[in-house]
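Work through the exercises below with the sequence and the model side by side, and try each task before reading its solution.

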Amino acid sequence: MKTTKVSSIAFAAAIFVVAVALSPPARCQAVAVESPGRGVSSGQWSVQVDQVDSRNVDLAYSFQIAIYENLVDELNKTKRFEHIFREGDRSAGEAANLLVLKTTVEKYTRGSETQRAVTSVSGATKLTVRTQLVTRDGKVAFERTVDGNVRFFGSNLRATHNLAHNMAKAIMRSESEPPTAIVAGQL
């Protein structure tokens with residue numbers, strides 16, 4: 001009995017050490033933004049995540065909230081932004097380099113967990129959104145159409161997690177693109 005407990009603790013400690021050793025280092029990037037009349041300022045961007053806009057699509061409120069919460073989580077995982085603000089956070093107004101993330105649902109296909117479990121070819125839940133990072137003065141610094149779905153196993157809300165993950169990945173990939181007229185350095 002003692003040997004089992006000791007070996008279980010040793011095994012857990014070994015997994016923890018390996019996980020820490022293999023985890024990617026936090027990436028903090030400085031960016032340069034041209035400000036009219038002020039030249040170029042540098043600092044890391046902060047982002048304010050606005051509520052999901054689904055006016056044109058019949059989407060359950062639970063899906064809107066799930067997209068929003070998963071998006072905040074996935075953006076935090078990227079370590080790309082100095083701070084992630086939620087819509088309505090008053091301290092966002094004090095952030096020097098602030099972008100606003102706007103998400104608009106363009107398409108939603110309601111899926112069926114039962115159909116996915118019975119047949120692997122039908123029942124997929126699909127979401128398509130337009131995502132934009134906008135500067136304080138309303139200029140679009142980044143815009144993409146992103147998909148998220150769950151095709152085989154998992155709850156319908158799993159599509160919101162996949163969507164948020166894909167959105168965060170698209171924002172991370174934007175650093176390899178040429179700078180726009182708004183952003184003089186990497187986003």
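**Exercise 1.** Find the strands that helix α4 lies across, and state the angle at which α4 runs to β7.

*Solution.* Begin with helix α4, residues 158-173, which lies across β5, β6 and β7 and runs at about 150 degrees to β7. Helices (H or I, at least four residues) and strands (E, at least two) are DSSP runs numbered from the N terminus, while angles run from 0 to 180 degrees between N-to-C directions, with axes as lines fitted to C-alpha atoms, for helices over the stretch in contact. Contact itself stands for heavy atoms within 4.5 Å. Next take helix α2, residues 61-78, which lies across β3, β4, β5 and β6, at about 160 degrees to β4. The model is predicted, and local features need pLDDT of at least 70, side-chain atom pairs count only at pLDDT 80 or more, and totals for chains, interfaces and linings use all residues. Residues are numbered from 1 along each chain as its sequence is written, and side-chain values use heavy atoms, with hydrogens and water left out.

**Exercise 2.** Work out the strand order of the open sheet and why one side of β4 and of β7 is left without a neighbour.

*Solution.* The open sheet has five strands in the order β4-β3-β5-β6-β7, with mixed pairing, where two strands pair if DSSP finds at least two bridges between them. Because β4 (84-86) and β7 (140-150) stand at the edges with a single partner strand each, one side of each has no neighbour in the sheet. Neighbouring strands are turned by 25 degrees against each other on average, direction ignored. Looking at the pairs in turn, β3 and β5 (residues 98-109) run parallel and are joined by four bridges, with Leu-99 in β5 as the bridge partner of Val-47. Strand β5 then pairs with β6 (residues 125-135) in the antiparallel sense over 10 bridges; here Val-134 in β6 is the bridge partner of Val-100, and Lys-102 stands opposite Gln-132.

**Exercise 3.** Identify which residues touch the most other members of the largest nonpolar core.

*Solution.* A nonpolar core is a set of buried Ala, Val, Leu, Ile, Met, Phe, Trp, Tyr and Cys residues joined through side-chain atoms within 4.5 Å, and buried means under 20% relative accessible area (1.4 Å probe, protein chains only). The largest such core has 31 residues, of which Val-47, Val-49, Leu-75 and Leu-101 touch the most other members. At least two residues each come from β3, α2, β5, β6, β7 and α4, and the largest share, seven residues, is that of α4. Finally, not counting residues up to four places away in sequence, Leu-75 touches several residues, including Phe-81, Ile-84 and Ala-168.

Notes: Buried < 20%, exposed > 50% of the residue type's maximum accessible area, 1.4 Å probe, protein only.
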